[in-house]
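Here are my notes on this one, point by point. Have the model open while you read.

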Amino acid sequence: MKIQDETAWGESRELLLKEYFLNAYLIALLKQVSRGAGRISEKKNDQSMRRIVGQN
């Protein structure tokens, strides 16, 4: 998407759009990584609890 228009600060709108979509992509990627890390830690916690319960 190319829009050539200068803003008050001298940045082109094209640059602003690229920055916006890059930020949106990075936020989505970080959310996905954090969900994966949460699942891994939940599995480890469940396994630890099973070991503790199994020893009693």
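1. Start with the surface: L22, Y25, L26, L29 and V33 make a nonpolar patch of about 480 Å². Patch members need over 30% relative accessible area and no salt bridge, with nonpolar side chains (Val, Leu, Ile, Met, Phe, Trp, Tyr) joined within 5 Å. A salt bridge here is a side-chain nitrogen of Lys or Arg within 4 Å of a carboxyl oxygen of Asp or Glu.

2. A word on provenance: this is a predicted model, where local features need pLDDT of at least 70, side-chain atom pairs count only at pLDDT 80 or more, and totals for chains, interfaces and linings use all residues. Numbering runs from 1 along each chain as its sequence is written, and side-chain values use heavy atoms, with hydrogens and water left out.

3. L22 sits in helix α1, residues 13-55. The chain has one helix and zero strands (DSSP runs, numbered from the N terminus: H or I of at least four residues, E of at least two).

4. L22 counts as partly exposed because its relative accessibility is 47%. The classes are buried under 20%, exposed over 50%, partly exposed in between (1.4 Å probe, protein chains only).

5. Total accessible surface is about 5400 Å², 58% of it from carbon and sulfur atoms (Shrake-Rupley, 1.4 Å probe; for residues, only the protein chains shown count as cover).

6. How many aromatic pairs does a search of the whole structure find? One: Y20 and F21, edge-to-face, at 5.3 Å centre to centre and 75° between the planes. Rings of Phe, Tyr and Trp (its six-membered ring) pair with centres within 6.5 Å; planes under 30 degrees apart are stacked, over 60 edge-to-face, the rest tilted. Y20 is exposed at 53%, while F21 is partly exposed at 47%.

Notes
Patches are made of residues with over 30% relative accessible area and no salt bridge: like charges are joined within 9 Å, nonpolar side chains (Val, Leu, Ile, Met, Phe, Trp, Tyr) within 5 Å.
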